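Here is a briefing on a structure model. Please look over the sequence and the fold, then read the notes by topic.

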Amino acid sequence: MADSFQILIADDHPLVRGALKQALSSELENVTLYEAGSLSEAIEQIESHNGDIDLVLLDLHMPGMNGFTGLFTLRASYPDIPVSIVSASQELPVVRRSIEYGASAFVPKSAPVDQIGTAIRTVLNGDMWMPDWARDAIENGPADDEATGLAEKIGQLTPQQLRVLNMLTEGKLNKQIAYELDVTEATVKAHVSAILRKLSVHSRTQAVIMARELQLQEPAIDA
């Protein structure tokens with residue numbers, strides 16, 4: 001490929017990052033690779049390069065992700081940067097929801113190097129990629145209306161509202177959220193009101209229950 005690309009590998013396991021770097025370096029020309037070990041580090045890397053990142057490879061179980069919340073946060077914060085999930089999981093519901101929630105690809109960590117290269121080139125060319133077995137099951141299987149509805153509602157939240165919702169899920173009070181985000185409690189209350197309205201719920205508890213649908217059921221699959 002004649003073009004030059006900048007790719008961020010976000011995974012909390014150094015060995016996995018190293019393997020992905022080696023795979024991408026062998027499969028792509030003119031590629032610059034950056035690394036992050038948590039969601040906050042990934043955001044710092046994107047910000048430090050002024051958003052000039054062509055693709056993020058994202059581990060679902062990285063610190064700060066809180067299930068799919070991290071994916072929603074990246075897509076809301078940087079809608080022009082495609083995100084490819086790279087996961088040890090090969091559970092169809094995880095693949096389906098990754099794509100439903102905004103990922104441009106789902107790449108199993110066990111995929112051969114040439115397949116990883118194909119997946120990344122496909123996304124860099126503006127298309128979507130997933131394993132054939134997943135594509136066939138998703139295209140020929142029943143639609144996941146629950147995932148679609150949840151994606152539409154969560155997708156209305158701003159990056160800051162997603163952070164607040166994430167903290168609500170962790171059981172934090174308005175005062176704690178205000179301190180961590182360096183805003184006033186009144187601002188937090190305004191965010192909470194907006195969250196309830198956009199999620200079409202009437203209480204913080206209902207919002208938390210909905211947000212927990214974004215969490216993964218297999219917390220150790222990427223260990």
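The model is predicted, so local features need pLDDT of at least 70, side-chain atom pairs count only at pLDDT 80 or more, and totals for chains, interfaces and linings use all residues. Residues are numbered from 1 along each chain as its sequence is written, and side-chain values use heavy atoms, with hydrogens and water left out.

**Positive phi**

- Asp182 has a phi near 60°, a positive value in a residue other than glycine.
- Asp182 lies in the loop between α9 (174-181) and α10 (185-199). Helices (H or I, at least four residues) and strands (E, at least two) are DSSP runs, numbered from the N terminus.
- Asn50 also shows a positive phi, near 55°, and is a residue other than glycine.
- Asn50 sits in the loop between α2 (39-48) and β3. Asn50 counts as exposed, at 73% relative accessibility.
- Most residues other than glycine have a negative phi.

**Aromatic pairs**

- How many aromatic pairs does the structure hold? There are two. Rings of Phe, Tyr and Trp (its six-membered ring) pair if their centres lie within 6.5 Å; planes under 30 degrees apart count as stacked, over 60 as edge-to-face and the rest as tilted.
- Phe68 and Tyr101 pair edge-to-face, at 5.1 Å centre to centre and 80° between the planes.
- Phe68 lies in the loop between β3 (55-58) and α3 (69-77), and Tyr101 in the loop between α4 (92-100) and β5 (105-108), so the pair ties together parts that are 33 residues apart in sequence.
- Phe68 and Tyr101 are both buried.
- The rings of Phe72 and Tyr101 have centres 5.0 Å apart and planes at 40°, so this pair is tilted.
- Phe72 belongs to helix α3 and Tyr101 to the loop between α4 and β5, so this pair ties together parts that are 29 residues apart in sequence.
- Phe72 and Tyr101 are both buried.
- Ring pairs link Phe68, Phe72 and Tyr101 into a cluster.

**Helix α1 against helix α5**

- The axes of α1 (residues 14-27) and α5 (residues 113-124) come within 9 Å and cross at roughly 70°. Axes are lines fitted to C-alpha atoms, for helices over the stretch in contact, and angles run from 0 to 180 degrees between N-to-C directions.
- That makes α1 roughly perpendicular to α5. Angles of 65 to 115 degrees count as roughly perpendicular, under 35 as roughly parallel, over 145 as roughly antiparallel and the rest as oblique.
- Leu20, Ala23, Leu24, Ser26 and Glu27 in α1 meet Val113, Asp114, Ile116, Gly117, Ile120 and Arg121 in α5. Contact means heavy atoms within 4.5 Å.
- The residues of this contact divide into six nonpolar, two polar and three charged. Ala, Val, Leu, Ile, Met, Phe, Trp, Tyr, Cys and Pro count as nonpolar, Asp, Glu, Lys and Arg as charged, and the others, Gly among them, as polar.

**Buried sites in α4 and β4**

- Val94, Val95, Arg96, Arg97, Ser98 and Ile99 are buried in α4.
- The buried residues of α4 pack against α3, β4 (83-87), β5, α6 (132-140) and α7 (145-154).
- Ser98 has a relative accessible area of 0%.
- Beyond neighbours within four places in sequence, Ser98 is in contact with Leu60, Phe68, Leu71, Ile85, Ala103 and Phe106.
- Ser98 and Leu173 are 75 residues apart in sequence and 30 Å apart in space, C-alpha to C-alpha.
- Ser84 is placed in strand β4 and counts as buried, at 0% relative accessibility.
- Beyond neighbours within four places in sequence, Ser84 is in contact with Leu55, Val56, Leu57, Leu58, Ala105 and Val123.

**UniProt annotations**

- An unreviewed UniProt entry annotates residues 6-124 as "domain: Response regulatory". UniProt positions are given in the numbering used here, feature names are shortened, and annotations may be inferred rather than shown by experiment.
- The end C-alpha atoms of residues 6-124 lie 10 Å apart, and the span is 45% helix and 20% strand.
- The unreviewed entry also carries "modified residue: 4-aspartylphosphate" at Asp59.
- Asp59 is in the loop between β3 and α3 and counts as buried, at 1% relative accessibility.
- The annotation "domain: HTH luxR-type", from the unreviewed UniProt entry, covers residues 150-215.
- The end C-alpha atoms of residues 150-215 lie 12 Å apart, and the span is 71% helix and 0% strand.

Definitions and conventions
Buried means under 20% relative accessible area, exposed over 50%, partly exposed in between (1.4 Å probe, protein chains only).
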